[in-house]
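Trainee: I have a structure open and would like to work through its details. Can we take it topic by topic?

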Amino acid sequence: MPQPPSGYFARGLEADPELEAAITGELTRQRGGIELIASENIVSRLVLAAQGSVLTNKTVEGAAYARYYGGAEFADAIEALAIDRAKKLFNCRFANVQPHSGSNANAGVFLGLLKLGEPILSMNVAAGGHISHGHPATLTGRDYSITQYGVSRESELIDLDALRDLARAARPKTIVAGGSAYPRAIDFAGLRAIADEVGAYLLVDMAHVAGLVACGLYPHPFPYAHVVTTTTYKSLRGARGGMVLWNDEALSKRLDAGIFPGVQGSVMLHAVAGKAACLGEALQPAFRSYNEAVLENARALAATLADAGLRIVTGGTDAGLMLVDLSATGVTGDVAAKALEKAGLAVNKNMIPFDPRPPEAPSGLRLSSNAGTTRGFGVAEFQRIGAWIARIVRNPSDLRTIDATRQEVLALCRAFPIY
Ligand SMILES: *Cc1c(COP(=O)(O)O)cnc(C)c1O
């Protein structure tokens with residue numbers, strides 16, 4: 001199926017055939033498979049070009065127009081562009097676009113706002129939170145005193161009353177909201193009221209919903225959040241990396257210093273240029289149509305799976321991502337994900353709330369419409385994808401079904417080419 005790479009992708013790579021084979025292999029994989037992993041997307045050639053540019057040669061440290069090294073005039077212009085666009089897109093006063101990743105953005109915010117050992121209240125990973133919010137295996141989990149909230153067993157939603165009780169007991173200095181596998185809208189105003197009551201900052205990590213937030217299709221964390229963090233490569237469809245956003249000038253010094261020199265050294269200027277590029281794209285009207293389609297497609301996929309008898313955690317999605325509970329099928333998430341991968345459908349296994357199974361072999365799958373929507377899929381295509389998923393998860397060892405689906409997946413990919 002996919003043609004040999006051309007143009008931008010091949011340039012210079014022929015000098016290293018081993019590396020060329022691996023990179024073009026990845027391009028072929030992306031062209032011929034359907035990406036449903038929520039943390040992925042398909043960036044524009046502009047974002048690719050920015051990240052593959054000569055900016056990788058330039059080292060700068062510190063803030064734009066206040067660098068420690070010379071020769072930074074274009075570096076300054078690029079970073080200022082990314083900051084201006086971030087502020088405009090999310091309607092806030094300050095932005096730091098230097099975090100190398102979403103985890104670094106969070107670590108830098110904690111370092112800037114908190115003293116060692118101070119309490120944080122965050123959502124546990126098992127309920128959809130992210131490891132960078134204080135999981136014991138991370139530095140953050142070691143350096144602060146972490147209390148975690150989950151979701152209600154009945155509704156599978158965040159329970160503000162239970163959260164308030166935890167906050168009153170733990171007296172956190174920061175409450176963290178936003179997760180990796182939470183499919184519904186979050187009541188940021190309600191969280192801010194709790195944060196105010198206990199004297200905590202509210203940090204909203206909107207990594208998975210930033211694109212929807214930018215378009216007014218998901219609740220905006222401002223003005224409720226004191227600080228917002230995000231990644232730029234998921235729903236923002238851009239450079240690998242993160243950002244920190246805020247409105248209160250009194251926090252600026254601490255937040256900037258938390259990122260540099262707190263958790264990072266020099267700037268990945270090529271990534272900052274990639275952020276400027278994707279933020280510029282996100283300010284165009286087409287980005288709103290894209291995000292409307294992301295939501296519509298996610299809802300169509302969830303409805304198709306539900307019609308096929310698969311339970312959707314919380315019954316649906318407000319976030320472009322969804323969790324599928326496979327427990328009634330007797331098939332675990334790891335087995336289902338491997339079978340789907342053979343058919344060219346990339347998904348990830350995921351815990352569901354109150355999952356009785358371990359993370360390595362959990363009860364669920366996490367799916368997202370982000371990347372498929374970028375390549376042009378609409379409701380009809382996501383309905384077909386949903387039918388394929390339902391068919392395979394019920395018969396994960398039926399190689400004939402997998403092979404037949406693989407051919408259908410390839411045909412659909414051919415009809416909606418990337419690059
Ligand atoms: C993906 C994600 C991150 C982490 O991003 P990395 O770039 O992998 O460090 C942080 N927070 C949330 C909520 C995420 O979904």
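Trainee: How many disulfides does the structure hold?
Mentor: This is a predicted model, in which local features need pLDDT of at least 70 and side-chain atom pairs count only at pLDDT 80 or more, while totals for chains, interfaces and linings use all residues. Residues are numbered from 1 along each chain as its sequence is written, and side-chain values use heavy atoms, with hydrogens and water left out. A disulfide is a pair of cysteine sulfur atoms within 2.5 Å, and for Cys92 the nearest cysteine sulfur, that of Cys278, is 14 Å away. The number of disulfides in the structure is zero.

Trainee: Is Cys92 buried or exposed?
Mentor: Buried means under 20% relative accessible area, exposed over 50%, and partly exposed in between, with a 1.4 Å probe and protein chains only. Cys92 has a relative accessible area of 9%, so Cys92 is buried.

Trainee: What is the relative accessible area of Cys413?
Mentor: Cys413 falls in the buried class. Its relative accessible area is 1%.

Trainee: Which residues of helix H12 are buried?
Mentor: Helices (H or I, at least four residues) and strands (E, at least two) are DSSP runs, numbered from the N terminus. H12 covers residues 333-342. Its buried residues are Gly333, Asp334, Ala336, Ala337, Ala339 and Leu340.

Trainee: Which elements do the buried residues of H12 pack against?
Mentor: Contact here means heavy atoms within 4.5 Å. The partners include three strands, E13 (345-346), E14 (348-350) and E15 (364-368). The helices on the list are H14 (379-394) and H15 (399-415).

Trainee: Which residue just after H12 takes a positive phi?
Mentor: The phi angle there is about 90°. The residue is Gly344.

Trainee: Which side chain of opposite charge is nearest to Lys275?
Mentor: Lys275 lies in helix H10 (residues 269-282) and is buried yet has no salt bridge. A salt bridge is a side-chain nitrogen of Lys or Arg within 4 Å of a carboxyl oxygen of Asp or Glu; Lys and Arg count as positive and Asp and Glu as negative, with His and the chain ends not counted. At 8.6 Å, the nearest side chain of opposite charge is that of Glu79.

Trainee: Which residues does Lys275 touch?
Mentor: Residues up to four places away in sequence are not counted. The contacts are Val97, Gln98, Pro99, Thr232, Ala239, Arg240, Gly241 and Gly242.

Trainee: How many salt bridges are there, and which residue does Asp318 pair with?
Mentor: The count comes to 14 salt bridges. In the one formed by Asp318, the closest N and O atoms are 3.1 Å apart. Asp318 is in the loop between strand E11 (311-312) and strand E12 (321-325), and its partner is 134 residues away, in the loop between strand E7 (174-177) and helix H7 (188-198). That partner is Arg184.

Trainee: Which helix holds Pro261?
Mentor: The peptide bond from Phe260 to Pro261 is cis, with omega near 5°. Pro261 is in residues 252-263, helix H9.

Trainee: What is the phi of Thr314?
Mentor: Thr314 is in the loop between E11 and E12 and is buried, at 17% relative accessible area. Although Thr314 is not a glycine, its phi is positive, at about 65°.
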